[in-house]
Amino acid sequence: MDGILLSATIYLVAAVILVPICSRLGLGSVLGYLIAGVLIGPVFGLVGSETQDLQHIAEFGVVMMLFLIGLELEPRALWDMRMRLLGLGGLQVTLTAGLIAAGCMAMGLNWTFAVAIGLTFSLSSTAIVMQSLAEKGLDKAEGGRGSFSILLFQDIAVIPMLALLPLLAMPHLMGSGIEEAAHGVVDAAHAGGDHGAEADHGASLSIVDQLPGWAYGPVVLAAIGIVVGGGMYLTRPLFRFIARSGLREMFTAVALFLVVGIALLMTLVGLSPALGTFLAGVVLANSEYRHELEADIEPFRGLLMGLFFITVGAGIQFAVFLADWALILGLLAALIAVKAIVLFVLAVIFKLRGKDRWLMALSLAQAGEFGFVLLSFNVQNEVLPPDLQPILSLLVALSMLVTPLLFILYEQVFHRKYAETMPEREADEIDQRGTTIIAGHGRFGQIVHRVLRAAGYEIVVLEHKSEFVENMTKFGVKTFYGDATRPDLLHAAGLHEAKQFVAAIDDKDQITELVKHVRRECPDIHIVARAIDRHHVYQLYAAGANDIIRETFDSAVRAARSALEGLGEHPFEAEKAVRYFVRHDRETLVKLAAAWREGESIWDNPEYLAIARQQADLMTETMKTDRSAGRNNALERAWMPPDIRPEEEVDED
Amino acid sequence: MSLLDDEIAPRRILILAAHPAPRRSVAGKAVRKAAREVDGVTFADLYAEYPRQDINADREQERAEAHDVIIFLHPFFWYSTPSIFKEWQDIVLEHGWAFGSSGKALAGKIFFSALTAGNPEESYFADGYNHFTLRQMLTPLEQTADYCGMVYLPPFAFFRAGHAEEGNRLNEHVAEWKGLLMALRDHKIDIETARQQPLLNGQLKMLTREA
């Protein structure tokens with residue numbers, strides 16, 4: 001127990017110190033984690049071999065990340081990128097693997113070794129790349145999307161690789177029956193399942209181990225069917241049930257269960273858990289519970305990914321490096337060069353523009369976390385000799401360590417260069433987030449929603465009553481479940497990308513808190529706030545709202561106007577009377593706001609009371625003199641007949 | 001024409017009236033009241049129907065189509081109508097309805113403005129302090145009517161409206177106003193001659209003599 005606490009403290013302290021420093025220096029959090037890992041591992045030796053085990057757990061962060069990426073990618077969007085996924089991804093893996101294998105053979109390695117190494121190093125690091133892209137806001141750029149397509153293809157490609165690599169160790173089996181190949185798939189796949197889920201459990205729980213080859217396909221299809229079908233038909237009643245309980249932590253528990261459960265299922269049938277959760281994410285991308293899920297999973301993902309990066313840093317073996325540093329640096333440079341060149345050529349072929357070519361080439365030039373898995377897998381299956389593993393592992397780790405530096409190179413050199421020479425084609429970058437976030441979808445928020453939606457604006461609506469969300473969905477109105485006063489949910493709903501925020505929830509104090517929070521997070525966002533009463537207006541003004549709307553004021557004014565008409569007033573006279581009233585009230589509000597003190601009762605505020613009395617008198621006086629003629633008639637002085645005015649001679653009509 | 005009078009349907013008259021401060025105007029009140037008393041006249045108070053000036057184009061077009069004479073009844077504000085009439089024109093006179101190759105809805109309808117002005121009649125001449133005649137001042141309305149294929153008549157005006165209660169002049173004006181409406185309704189007025197006049201005021205006898 002003490003040991004766990006001690007290592008936990010070491011990891012946390014290292015991260016807490018270095019990540020903020022690197023972030024502040026603009027180097028990105030990934031480099032911070034990696035350096036933290038290097039410091040506590042190889043440099044100071046504070047942590048030891050347990051990093052290997054930790055890494056397996058931490059890799060679950062990748063599973064969660066793919067779930068979150070899936071949530072942001074609607075099925076249609078995934079379908080739209082099929083060309084890119086297969087073309088770009090397929091060519092990248094094939095060309096890179098081929099070139100690296102050729103290089104290895106040129107260095108005198110056996111061809112089976114060369115192919116195994118080529119495949120291993122053709123993969124890139126989903127974890128580092130997606131984290132860095134998101135952090136730097138490049139994930140929506142064309143280059144970022146290209147990178148994502150490739151990473152997704154690689155995640156899929158790992159499965160057949162795990163199936164086929166063992167064949168390299170057993171040349172005599174090549175070309176024999178399907179059955180053996182299928183067994184190879186099964187063995188390989190459940191070993192592949194180690195990546196992510198706990199290694200031991202994954203192996204012992206596999207249900208496809210004992211199956212004959214022909215049964216494997218249907219079982220896999222059934223598992224995928226469970227994920228897709230369950231996501232489409234079972235999650236909504238489940239979430240509604242949980243939402244009704246009103247217990248927040250239950251939602252977190254369900255979200256975790258979902259991700260862990262799918263990972264387990266995928267492991268059982270020998271598929272990649274990351275791919276399974278990605279699929280589940282895509283299925284749930286249209287769900288009204290999407291932002292709630294994002295907000296719940298996000299902290300776990302963040303921590304696990306951080307832990308993963310630390311373990312990569314901590315796993316670097318200095319002894320190996322020092323023994324052969326010149327060779328290793330040379331290989332590292334060659335690896336990055338080969339990968340970057342292939343990517344750049346593909347970027348040109350797939351018609352990416354200027355800086356996006358560089359973004360894709362530089363971001364994916366490293367080897368990835370699958371590399372570690374494939375290396376140990378290859379050694380286990382006697383595809384690669386054990387003595388090669390330390391150097392190759394070190395190469396994978398070092399290339400990952402270099403990635404944040406390549407991102408900085410991109411930002412400092414290419415991003416700037418093209419920013420100066422090429423005008424941005426804004427229209428290409430579709431903003432998937434709504435431009436207006438509406439918190440609260442009751443009687444107030446609904447109207448705002450309907451008007452904005454009808455006017456064709458993208459919006460995100462958050463509402464914490466699940467029945468409401470469901471009913472709105474029946475009307476075809478897209479509303480997301482979630483408590484808008486939770487900062488993490490606001491974040492998941494895209495607060496930082498939003499142009500406008502509408503605080504339309506019911507509770508007075510919560511509205512104020514919400515406005516304060518949003519203003520703190522986004523100094524430039526336009527905030528429209530619902531005010532419950534006059535005093536709330538002052539609070540909201542102090543909290544930083546741009547437009548403050550009293551919820552019942554306008555309707556009460558209209559009621560007053562109707563009442564005047566009911567007494568036989570000419571409709572336009574009634575209109576003028578309330579127009580005057582509204583203007584007077586606004587002036588009063590401004591005067592009173594200056595005298596109002598937060599936290600002090602107005603009854604103890606003589607200045608406030610004096611202004612209130614004075615304004616009330618003015619109003620009575622004006623409304624009374626209305627009926628008489630004269631220039632100081634506030635309501636209709638513009639339309640006073642000329643002869644009633646004192647200066648008749650200067651009057652024109 | 002006189003022989004066929006009985007067989008010709010009476011003209012349907014639409015009066016679009018607007019005064020933003022109706023209770024302020026003595027003369028305006030009288031002409032509005034008189035207009036309502038004439039049979040065959042549809043009277044619409046635009047500020048009452050549209051106190052927020054959100055004029056309904058479909059409804060106004062339908063109403064205009066259902067009449068043969070359209071009259072703007074209003075005080076003379078800054079050598080023009082109250083603003084709601086400008087809004088009415090902007091919104092109701094759509095292309096394809098009021099003008100354009102297929103916009104014939106108003107063609108042939110009679111249009112003029114009946115107004116109450118604060119200044120005396122003699123000020124509305126080249127050597128008066130208003131420098132232009134009333135008809136000249138209203139040329140935007142005249143041209144608009146012409147553009148829509150309507151038959152434009154000169155304005156029917158009550159001057160020095162602020163002194164309406166002097167003598168019998170308001171009563172006389174109101175009587176002529178009612179007579180004008182009835183003559184229009186019953187086809188008793190010489191339209192061609194009326195079009196040539198600077199003003200319709202005081203011309204009723206002359207214009208109806210023939211008939």
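Tutor: Let us begin with A:Gln52, which is found in helix 3 (residues 50–58) of chain A, where a helix is a DSSP run of H or I of at least four residues, a strand is a run of E of at least two, and both are numbered from the N terminus. This is a predicted model, in which local features need pLDDT of at least 70 and side-chain atom pairs count only at pLDDT 80 or more, whereas totals for chains, interfaces and linings use all residues. Residues are numbered from 1 along each chain as its sequence is written, while chains are lettered from A and ligands numbered from 1 in the order in which they are written.

Student: Why is A:Gln52 called partly exposed?

Tutor: A residue is buried if 20 or more other C-beta atoms, placed from the backbone, lie within 10 Å of its own, exposed if 12 or fewer, and partly exposed in between. A:Gln52 has 13 C-beta neighbours inside 10 Å and therefore counts as partly exposed. In space, A:Gln52 and A:Val312 are 8.9 Å apart, C-alpha to C-alpha, although 260 residues separate them in sequence.

Student: Why is B:Trp78 called exposed, and what is noted about its phi?

Tutor: B:Trp78 has 10 other C-beta atoms within 10 Å, so it is exposed. This residue is found in the loop between strand 3 and helix 4 (83–92) of chain B, and its phi is positive, about 45°, although it is not a glycine.

Student: What makes B:Arg160 partly exposed?

Tutor: B:Arg160 has 18 other C-beta atoms within 10 Å, and therefore it is partly exposed. B:Arg160 is found in the loop between strand 6 (156–158) and helix 7 (169–185) of chain B, and it too is not a glycine but has a positive phi of about 45°.

Student: Why are helix 13 and helix 15 of chain A called roughly perpendicular?

Tutor: The axes of helix 13 (residues 248–268) and helix 15 (residues 290–314) of chain A come within 9 Å and cross at roughly 75°; such axes are lines fitted to C-alpha atoms, for helices over the stretch in contact, and angles run from 0 to 180 degrees between N-to-C directions. Angles under 35 degrees count as roughly parallel, over 145 as roughly antiparallel, 65 to 115 as roughly perpendicular and the rest as oblique, and helix 13 and helix 15 of chain A are therefore roughly perpendicular to each other.

Student: Which residues of helix 13 and helix 15 of chain A make the contact?

Tutor: On helix 13 of chain A they are A:Phe251, A:Thr252, A:Ala255, A:Leu256 and A:Val259, and on helix 15 of chain A they are A:Glu292, A:Leu293, A:Asp296, A:Ile297 and A:Phe300, with two residues in contact if their C-beta atoms, placed from the backbone, lie within 7 Å.

Student: How do you know that strand 2 and strand 3 of chain A pair?

Tutor: Two strands pair if DSSP finds at least two bridges between them, and strand 2 (residues 459–463) and strand 3 of chain A pair in the parallel sense over two bridges. The bridge partner of A:Glu463 in strand 3 of chain A is A:Tyr481. In chain A, six strands form an open sheet in the order 3-2-1-4-5-6, with parallel pairing, and its edge strands are strand 3 (480–481) and strand 6 (547–550), each of which pairs on one side only.

Student: What makes strand 4 of chain B mostly covered?

Tutor: Seven of the seven residues of strand 4 (residues 110–116) of chain B are buried. B:Ile110, B:Phe112, B:Ala114 and B:Thr116 lie on one side and B:Phe111, B:Ser113 and B:Leu115 on the other, and both faces are covered. Strand 4 of chain B pairs with strand 3 (residues 69–75) of chain B in the parallel sense over seven bridges, and B:Pro75 stands opposite B:Thr116.

Student: Which residues touch the most other members of the largest nonpolar core?

Tutor: They are A:Phe67, A:Ala439, A:Ala503 and A:Val515, in a core of 169 residues, a nonpolar core being a set of buried Ala, Val, Leu, Ile, Met, Phe, Trp, Tyr and Cys residues joined through C-beta atoms within 7 Å. Helix 9 (residues 142–169) of chain A gives the most to this core, with twelve residues.
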